[in-house]
Structures are given as structure tokens and as C-alpha cells.
Amino acid sequence: MMPSYAIILVIVCYLTLLFVLGIWADKRARSKWVHNPWVYSLSLAVYCSAWTYYGSVGIAATSGVSFLTIYLGPVIALPLWFIIMKRVVMISKQYQVSSIADFISLRYGNDRSIGALVTVICVVGVVPYISLQLKAVSETFDILSASKEQASIYMDSTFYIAVLLAVFAALFGTQTANASRRRSGLMFTVAVESVLKLVFFIAIGVYATFYLFDGTSDLYNQISALENFEELTTFSNMEATINWYFMIALSFFAIFLLPRQFHASVVENTDVNHLKKASWVFPLYLLLFNVFVIFIAWAGKLLLPQELNPDYYILYLPLAHGHKLLGLMVFLGGLSSVISMVVISALALSTMISNNLIIPYGFLKVLNKRNPVANVKSIKNIRRVAIFILIIGAYFFYVNFNVQLSLFSIGLIAFVVIAQLAPAFFIGLFWNRGNGFAVKMGILAGSIITFYTLALPFIADVFLQDSLFVAQGPAGITLLKPHMLFGLDFMPPVTHAFFWSMVFNLMVYLIFSVIRKGDYRERNYAELVVNASSYGDMQENAFVWRGEAYVPEIRKALVKFLGDKRTTRALDIFYRKYGLDPKEEKADARLVNFSEKLLTGSIGAASAKLVISSVVKEQPVTLPEVLKILEENKETIRTNKQLQQQAYELQRLSNSLKIANESLIVQDKQKDEFLDTVAHELKTPTASIRAASEILADNDDMPVALKQKFLDNIVADADRLGIIISNILDLEKLSSGRETMDKKPHQLNNTLTKAVDGTYQLALKKGITITKSHLENLVLHYDEDRMLQVFTNLLSNSIKFVSDKDGIINVNVLERDNDVLITFSDNGKGVPQGDMKYIFDKFYQSNNQTIRKPLGSGMGLAICKHIIESHNGNIEVDQHFKDGARFYVTLKKHGL
Amino acid sequence: MKKILIVDDEPNIVMSLEFAFQKLGYKVFIARDGSEALTLINENIPDLIILDIMMPQVDGYETIKQVKTNPAFAKAKIIFLSAKSKPDDIEKGLSLGADAYFTKPFSVKSLTTAVDNLINN
């Protein structure tokens with residue numbers, strides 16, 4: 001086996017490594033490695049303590065499937081967990097809640113006695129649980145080193161491990177006095193430990209199933225040959241079934257209420273959205289953890305001697321086969337689960353002890369007299385001392401009560417104790433009548449039952465050696481038998497205790513909530529928590545307070561705990577948020593509430609209330625008044641929201657009307673311009689015809705040749721009128737979008753040839769050469785008639801502007817990756833520089849310009865542009881071509 | 001012999017006007033746009049100018065402004081002959097100093113009568 005000092009050395013190295021990792025992560029708290037939903041989800045696996053790591057195999061070996069309950073509870077709870085936690089996290093962030101005790105006391109009006117009671121419950125429930133972890137470390141250490149009983153605590157390695165854990169927790173957990181501040185480094189190490197323990201556990205599972213045996217079916221065949229196999233894999237009777245359901249309920253509560261669970265999921269939550277990922281990652285984690293439990297248990301039963309504790313099968317298995325390194329790995333996995341559980345629990349408890357027990361009960365007076373620096377130091381020291389006392393206390397609990405309680409049962413007892421918080425927590429979230437007095441009474445009733453049914457028999461058995469108490473009841477009263485209270489005789493002790501304590505706790509809570517009314521302050525916070533659906537509902541406005549308060553005094557109180565700098569900064573933000581005058585001496589309800597919230601992070605909800613109420617004079621408000629004011633506030637907020645919504649709608653509507661109106665004006669103007677231009681375009685040839693006709697009519701004696709010239713002009717102008725009219729109609733049709741293009745595949749080369757052939761006669765007459773490049777088999781989708789119109793128009797323009805005889809027109813086709821570029825160039829007089837911009841506009845000149853465009857009707861190119869754009873193409877004139885005119889037509893190959 | 005300058009870029013209209021005024025005994029000059037017109041006026045001041053508004057290069061408005069700023073051309077009467085027929089257009093034309101405004105299409109007879117009147121008064 002391994003020497004003790006070597007194991008200690010490994011442990012020290014491991015802790016140092018975690019410490020370095022934690023410091024590294026703390027420095028990068030906002031980086032994507034540390035601040036992400038995975039780290040958050042994995043840190044929730046602090047739930048899997050040594051009890052899980054070792055104990056579930058033990059329970060699977062002795063009691064079969066019931067080990068699954070502590071996982072099924074959380075898995076079933078998770079959808080609900082998501083909904084409830086979202087609200088709890090929201091409230092806790094707003095109110096700087098730093099523990100479950102703070103949260104419950106906040107809900108019931110910052111009552112310090114509730115916070116204290118919850119703290120006591122948690123300490124009572126968790127300290128034995130921590131001692132259970134130490135027990136696991138100690139026993140596994142002994143197995144690994146094969147050492148025997150230790151003589152004194154100075155020789156006991158567990159003691160030193162406990163001290164190391166306390167140092168680790170104190171160093172990481174108490175860096176700031178504000179307990180609601182996140183500890184990113186610490187939570188990162190917890191997430192890493194969660195990964196390690198899972199990996200090691202699965203490793204040993206694979207080892208047991210596939211190395212020691214030939215897989216799951218081999219294991220099953222061998223184990224089913226054992227005699228009590230049936231018992232271990234099925235529910236033998238109704239009692240076991242009921243037991244199963246209660247266990248699930250118990251662990252369901254645990255995932256909300258265990259201080260370390262609340263700490264990891266609420267206090268350390270950096271982003272509400274992380275809950276979403278956690279709601280599936282965490283159950284998946286638990287599932288993975290359970291895959292091999294039953295197989296390891298079977299392997300242990302088959303291979304290991306009967307007298308070995310089944311809790312430690314996972315450690316015995318590799319050691320028995322001489323795999324020391326694997327054994328050490330298993331030990332480190334167990335140690336990881338211990339470290340995370342102990343550190344987070346101690347941290348959560350120490351915060352509760354300082355903020356809900358020590359400070360509000362007495363120590364506040366001391367703090368009030370001192371300066372802020374000393375106060376911060378004192379608060380930190382209280383927590384550090386608390387951490388040490390808790391862990392060392394747990395160690396002594398372990399040493400003194402080292403009875404043969406299994407890991408599983410101590411864990412369950414802790415769950416039952418913590419479950420006493422369930423009515424106050426869950427019902428308080430949704431029912432505004434639940435009040436503080438009822439909480440205290442309910443928890444007390446539940447605790448008494450738990451004590452009577454669980455602790456008392458244990459004490460009687462261990463200290464008094466009195467077995468009659470359990471067997472026959474006190475003084476022989478059978479109805480009061482602690483394990484069969486009121487004759488309930490079919491439940492195991494833990495389930496039995498859970499059942500009765502919950503019945504009493506719940507009944508007492510409900511009855512007192514109904515018959516007693518809480519005071520106005522309680523009701524105020526109740527309304528706040530129950531109705532909290534958004535951050536807005538929890539602002540300072542939602543808080544009713546009446547009385548006399550002065551800013552300088554409140555400020556003084558804040559400075560004492562927060563220091564000058566933080567106080568000034570916080571108040572600045574507050575004043576800016578509500579637009580208040582910082583010089584105003586009198587404080588209002590909002591400032592009082594805000595100051596309480598500020599202090600809550602440092603000294604807890606109850607103490608914060610005490611500090612603030614010591615510097616303000618509060619006048620009681622009656623409950624109906626509180627409700628009325630709250631209702632009015634809500635009404636105002638609602639009305640404001642509605643008005644805002646309506647104003648926004650109106651604004652939007654008027655904007656869209658404005659846009660519509662503007663576009664109508666533009667369209668109207670365009671229509672006017674168009675009509676104007678149409679009239680104008682028609683007038684010129686009409687004038688020409690009219691003048692020529694008048695001349696012909698008045699001059700019969702005109703020479704025939706001249707007469708013929710006038711008649712020719714009339715014919716030409718009449719033709720021109722016809723062309724203009726059809727162009728106008730064409731353009732109107734194209735620009736209104738009524739004309740659809742009849743797009744079909746065509747050989748571009750064929751269409752170009754048709755266009756050139758069509759203008760051949762004209763070109764021939766002027767003695768112009770037209771050359772055309774060939775590109776065979778280039779098929780594009782377009783409307784051929786329309787495309788022909790474009791090509792013909794461009795060619796005709798060129799023919800019009802080149803000089804006779806030496807005019808040359810060139811058509812060139814270039815295929816590119818996505819499109820085809822067709823160039824029409826000529827050596828004519830070119831487009832005048834000033835006209836370049838306008839040639840594609842329809843009658844642009846009509847109103848804004850008095851410079852006439854050079855091309856006849858002025859519509860040909862506008863029509864071309866419309867046609868090409870309807871094909872998702874482009875047409876433009878080369879503005880830099882100096883030797884004539886050059887036009888580019890680009891057509892897309894695809895997606896026409 | 002009285003001189004008339006016709007400034008228009010529509011050859012068919014110019015042809016009709018040239019025929020009509022020559023027949024009435026005027027000496028007719030022709031310009032295709034404002035810049036041509038201004039060159040011609042400099043060489044030979046006409047008694048009357050028939051001026052289109054929408055022409056390439058230099059338009060009718062610009063042309064009349066140039067003519068009116070030079071006192072040497074003061075005796076030249078000006079008639080606008082344009083397709084622009086909105087009241088605003090006519091008012092603008094007259095405010096620039098034109099003696100008459102004819103809209104296209106127009107009656108040749110009315111135009112020649114107006115020219116006669118302007119030149120002989």
C-alpha cells in the first residue's frame with residue numbers, strides 16, 4: 001500500500017493546484033472561460049458530495065435501486081427548479097441576498113429571528129454532513145495507506161486535511177466583506193472538481209465493468225445467480241414504494257434548500273440566462289454519475305470479501321487487483337467531492353452565522369462604534385473564525401460520534417433537517433399571506449418532531465444504552481414510539497421522521513398564516529416577492545415606508561460598513577436613477593429601502609434593517625394602507641406602461657403616415673411632371689405639322705419640289721408623334737411594373753444577330769460598318785422581344801450619331817464568372833459630357849432643365865434601362881470613352 | 001430690309017417660319033441654339049428675334065438675358081416661341097423682357113401679324 005506521507009503530499013499538491021487555478025480564474029472573472037453557463041452548471045454538481053461518490057455504491061450493494069432517489073429527486077425537480085430559481089435569483093440579485101437564511105428572512109420582512117432560526121437549522125443539518133465528508137476522507141485515506149487507528153488527533157491525517165480545507169475556504173471565501181459578491185475563482189475550481197470526480201468515477205466504472213468483467217451482461221449473469229438478487233432490483237412491497245417516493249421528495253427539497261446548493265445556484269449566479277443551460281446539463285451530469293453505480297456494486301459483491309464496507313467498493317476494487325494508481329485516482333475524485341462540498345458549505349454557513357446570528361445579535365453595536373476599515377476587517381474575521389469552527393467542529397463531531405452510521409443515513413438525516421425550511425421557502429414564494437410568526441412556529445414544530453423521531457432514539461441508543469425507548473415508546477406509550485409515531489409503522493425511520501415533521505411543519509405554518517396577520521412590513525416584502533415578475537417590480541418604488549429620515553445620518557450609517565468611496569458611488573447612482581437633488585436633507589422611502597439593500601450584501605438583511613431603523617424615525621403604517629399604496633403603485637406603473645405603449649404606437653403610426661404621405665407627394669409630382677412632359681413632347685411635332693399645313697394651305701403657287709418637302713416634313717412629324725405616343729405608353733407600362741417579362745432561354749448570339757440584321761438597311765444607307773464578336777452557345781434567360789428592343793435602340797442611336805461613310809459600330813460580348821458584358825461602341829460624336837447623367841432619365845429636362853436632350857423623344861434609353869433592370873441587369877454609358885459613345889449592358893447568367 | 005433671327009432646334013419648324021417670313025419680305029437668319037444666335041447677333045443686329053426656350057447647349061432664357069444686358073441690342077424685339085405653355089412659364093418669359101410669347105403649336109398667321117406689328121411700331 002501507499003505510505004501516508006506520500007498521500008499527504010499528493011493532497012497538498014492537489015490543493016495547491018486548485019488554489020492556483022482559483023487565483024487564475026479570479027483574475028479572469030469576466031473572460032469567456034470563467035463566465036459561462038457551463039461553469040455555472042458544473043458548479044451545481046457540488047450536490048454530489050462524498051456521500052454520492054462512495055455512498056451510492058454502498059446503498060446499491062445493500063438496498064438495491066433506492067440509491068437512485070437522491071438523483072431522481074433533482075432530475076424530476078428541474079423544470080420546476082428553473083421556474084422557481086429564475087425568480088429567486090432575480091429577487092436575490094436585487095436585494096443582494098447572500099444565503100438561504102437571508103432570503104427567507106427577507107421574504108418575511110427582514111425579521112432577524114427568522115434569519116437566526118434558519119441559520120441554526122442549517123448548522124444543525126450541515127455540520128454532521130460535513131463531518132460525514134471528513135469521515136469519508138479519513139476512511140479512504142486509511143484504506144489507501146492501509147494504516148490502523150490513530151492514537152491522537154496530532155497523528156490523525158484527517159485533522160490536518162480538515163485544517164487545510166478550512167484554510168482553503170477562508171482564503172477564497174472571505175476576500176470581500178460583501179457576501180453577495182461573486183467568487184468566480186472559487187466556483188471555477190468547484191466546476192473543475194465536478195469534472196474530475198465524474199471522470200474518475202466513470203473511469204472506475206469502466207474498469208469494473210469491462211476490465212474486471214466482460215461487460216454488463218457478464219456481470220448480470222453472475223450476480224443474478226446470487227440468492228437475494230430479486231430484492232435488490234425491484235420494489236419488494238408497498239413500504240419500499242412509499243419510501244421511494246418520500247426519498248425523491250426529500251432530495252427534491254435538498255436541491256433548493258441545502259445551503260451549498262443555494263449558494264452555488266443563487267448567490268454565485270452571474271447571469272439569469274445561465275439557468276437555462278443548467279436545467280439540462282445538471283440532470284445529464286447526475287445521469288452520467290449513476291450509469292455505473294449498480295455495476296460497481298455488483299462487481300464489489302462478486303469479487304470482494306463480505307466484511308468490507310460496500311461504501312468503499314470503488315476504492316477496494318482497484319486496490320485488491322493491485323492497481324494502486326487507479327486507487328489514488330479514485331481517492332482524489334472522492335477528495336474533490338469532499339473539498340467542494342465542505343468549502344462551499346462552510347462558506348455559506350459562515351456567511352449565515354455572521355450576517356444572521358452574530359452581527360444582528362449584539363455585534364452590531366460594536367460595529368456601529370468603529371470605523372469602516374475596522375468593520376470590514378471584523379466582518380471578514382467573523383466569517384473566517386466561523387469557517388474554522390464549523391470545519392473543526394465537524395471534525396470533532398466525527399471523532400466523537402464515529403458510530404457505525406453509514407454515509408447514506410447521515411446524509412439523509414441532514415436532508416430531513418434542511419427540509420424543515422421547505423414550507424417557508426416554497427409557499428412563501430407564491431402565497432402572500434404566509435407570515436413570519438407562522439414560519440417560526442412551523443420550523444419549530446417540524447424540528448421538534450425531527451429531534452424526537454431521529455435524534456432522540458440515536459441519543460438514547462448511543463449514550464443511554466436504552467433500547468426500550470425505541471422499542472416501546474416513552475414510558476411504554478406505544479402511540480409515541482419514536483419510529484412509529486401515532487401508529488405509523490410501515491416506514492423506515494428517516495422517511496417516517498420526514499413525513500411527520502413535514503405534516504406538523506406545514507400544518508402549523510398554514511394555520512398561523514391564516515389566523516394571524518403579519519405586520520405591514522412583512523406584508524410589504526411578501527407582496528414584493530410573490531408579485532415579482534420583473535426587475536421593475538422590485539425597484540425602490542415598490543416599498544412602503546413612512547417616517548422621518550435624514551440623508552446625512554443614513555449616509556453616516558452606510559459609510560460605517562461600506563466605506564466612504566463605495567457609499568458615495570452608490571448614492572450617486574441612486575440620485576441619478578431617480579433624478580433627485582443630492583442636496584436634499586430629508587430622505588424618502590426609496591432611499592431608506594435602497595440603503596437597506598446596500599447593507600444587506602455586507603451584513604445581511606436583518607442587520608441591515610436594524611442599522612437603518614436605528615437612524616430613522618419610522619411611523620407605523622397600517623396593513624390596509626400598505627396594500628392600498630402598493631396597489632396604487634402597481635396601478636400607476638401599469639398605466640404608465642400602457643400610456644407609453646400607446647404613445648409608441650401613435651408615434652409609429654404617424655411615422656408610417658408621414659412616409660406614405662411623402663411618397664404620395666413624390667408620386668404626385670412625378671405624375672404631374674410626366675403629364676407635363678408628355679404634353680410638351682407632343683406639342684413640338686404638332687406645332688411643326690400645323691405650321692407646315694398652314695403654309696401649304698396659304699401658298700397654292702409654291703413650287704412642287706418645295707411643296708413635296710413640306711409634305712414630307714408633315715409625314716415625318718406625324719410618324720414622330722406616333723412613336724412618341726407608343727413610347728410613352730411603353731414606358732408607363734414598364735415603370736408601373738404591369739408589364740411582365742416573358743423570360744425564356746435564348747441564344748444571346750442569335751438575338752444580337754437579329755438586332756444587327758434589323759438595322760442593316762439603315763446602316764447600309766449611311767455606309768456604316770457594324771462588326772460583332774461571336775460567342776456561340778451562350779444561353780441566357782430573357783424576354784427576346786424586349787431585349788431586341790434594347791439592342792436595336794442602342795444600334796439606332798449609334799447609327800444616328802456616327803458620320804456617313806467612315807462610321808464604325810462595334811458590338812462585343814464578354815463572358816465573365818457570373819454575368820455577360822455586352823459593349824456597344826461607335827466612333828460618332830459621343831454623348832456630350834453634360835448629358836451623361838440624364839440620358840437614362842425619362843424627360844428629365846422638362847421642368848428642371850431647359851437644355852434639350854440630344855435624342856429624339858428622350859425616352860428610348862429610359863425604356864432600355866427599364867427593360868434591362870427588369871432582368872436584374874445593368875445598363876450604363878462609359879463616361880470616360882472619348883472616341884465616340886460606348887454603352888455597357890450587363891446581364892446575369894443566373895437568377896434572371 | 002428688316003432682319004429676323006429665328007432660334008430653334010427643330011428644323012421643320014424653322015423651315016416653315018423661314019418660308020413665311022421670306023415671303024413677307026424679311027431677311028431671315030437661322031440659329032440652332034443660343035450660342036449660335038449670340039454669335040449671329042454680334043455680327044448683325046436683327047430687328048426681331050423669334051426664340052425657342054428648350055434648346056441644346058444655351059437655352060432661350062440664357063440667350064434673352066445676354067441680349068438684354070447689352071445696350072447695343074436694345075432695338076431688337078424678342079418673341080418667345082415655346083412648347084412651355086404654363087402661366088408660370090409665360091410670365092417668366094415676359095418678365096425677362098420678351099415683347100410677346102407664343103406657345104407651340106401656333107398659328108403662322110398670328111405670329112407673322114405680331115411680328116409685323118412689333119417691327120412697324
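This is a predicted model: local features need pLDDT of at least 70, side-chain atom pairs count only at pLDDT 80 or more; totals for chains, interfaces and linings use all residues.

**Entry 1: where the chains meet**

Next I looked up which parts of chain A are involved. Helix H28 (623–698), helix H29 (704–736) and helix H33 (845–848) of chain A each supply at least two residues of the side that touches chain B. H28(A) gives the most, with 13 residues. By type, the residues on this side of chain A come to 8 nonpolar, 10 polar and 9 charged.

I then noted the overall contact. On chain A, 27 residues are in contact with 27 residues of chain B. The two chains bury about 2500 Å² between them, and 59% of that is on carbon and sulfur atoms.

For salt bridges between chain A and chain B, my count is 2. I wrote down one of them: the side chains of B:Glu10 and A:Arg720 meet with an N to O distance of 3.0 Å.

**Entry 2: the sheet of chain B**

In what order do the strands of the open sheet in chain B run? I read E2-E1-E3-E4-E5, 5 strands with parallel pairing. Strand E2 (27–31) and strand E5 (100–103) of chain B are the edge strands, and each pairs on one side only. Ignoring direction, neighbouring strands of this sheet are turned by 20 degrees against each other on average.

I checked one strand pair in detail. Strand E1 (residues 3–7) of chain B runs parallel to strand E3 (residues 48–51) of chain B, and 4 bridges join them. Here B:Ile4 has B:Leu48 in E3(B) as its bridge partner.

Helices came next. Helix H3 (residues 60–69) of chain B packs on the sheet and touches E3 and strand E4 (77–82) of chain B; its direction makes about 175 degrees with that of E4(B). Helix H4 (residues 87–95) of chain B lies across E4 and E5 of chain B, at about 150 degrees to E5(B).

**Entry 3: a sheet in chain A**

I also found an open sheet of 5 strands in chain A, in the order E4-E6-E7-E9-E8, and its pairing is mixed. Strand E4 (769–772) and strand E8 (874–877) of chain A each have a single partner strand, so one side of each is left without a neighbour in the sheet. The twist averages 10 degrees from one strand to the next.

E4(A) runs parallel to strand E6 (residues 808–815) of chain A, and 4 bridges join the two. Within this pair, A:Thr769 has A:Ile808 as its bridge partner.

Two helices went into my notes here. Helix H30 (residues 748–758) of chain A lies across E4, E6 and strand E7 (819–826) of chain A, running at about 180 degrees to E4(A). Helix H32 (residues 784–801) of chain A lies across E6, E7, E8 and strand E9 (886–892) of chain A, at about 25 degrees to E7(A).

Most residues other than glycine have a negative phi, and most peptide bonds are trans. Against that background I marked two spots.

The peptide bond from B:Lys104 to B:Pro105 is cis, with omega near -5 degrees. I located B:Pro105 in the loop between E5 and helix H5 (108–120) of chain B.

A:Asn872 is not a glycine, yet its phi is positive, at about 60 degrees. I placed A:Asn872 in the loop between helix H34 (860–870) and E8 of chain A.

Methods: Residues are numbered from 1 along each chain as its sequence is written. Chains are lettered from A and ligands numbered from 1 in the order in which they are written. Side-chain values use heavy atoms; hydrogens and water are left out. Contact means heavy atoms within 4.5 Å. Buried area is the accessible area (1.4 Å probe) that two parts lose on being put together, summed over both. A salt bridge is a side-chain nitrogen of Lys or Arg within 4 Å of a carboxyl oxygen of Asp or Glu. Ala, Val, Leu, Ile, Met, Phe, Trp, Tyr, Cys and Pro count as nonpolar, Asp, Glu, Lys and Arg as charged, and the others, Gly among them, as polar. Two strands pair if DSSP finds at least two bridges between them. Axes are lines fitted to C-alpha atoms, for helices over the stretch in contact, and angles run from 0 to 180 degrees between N-to-C directions.
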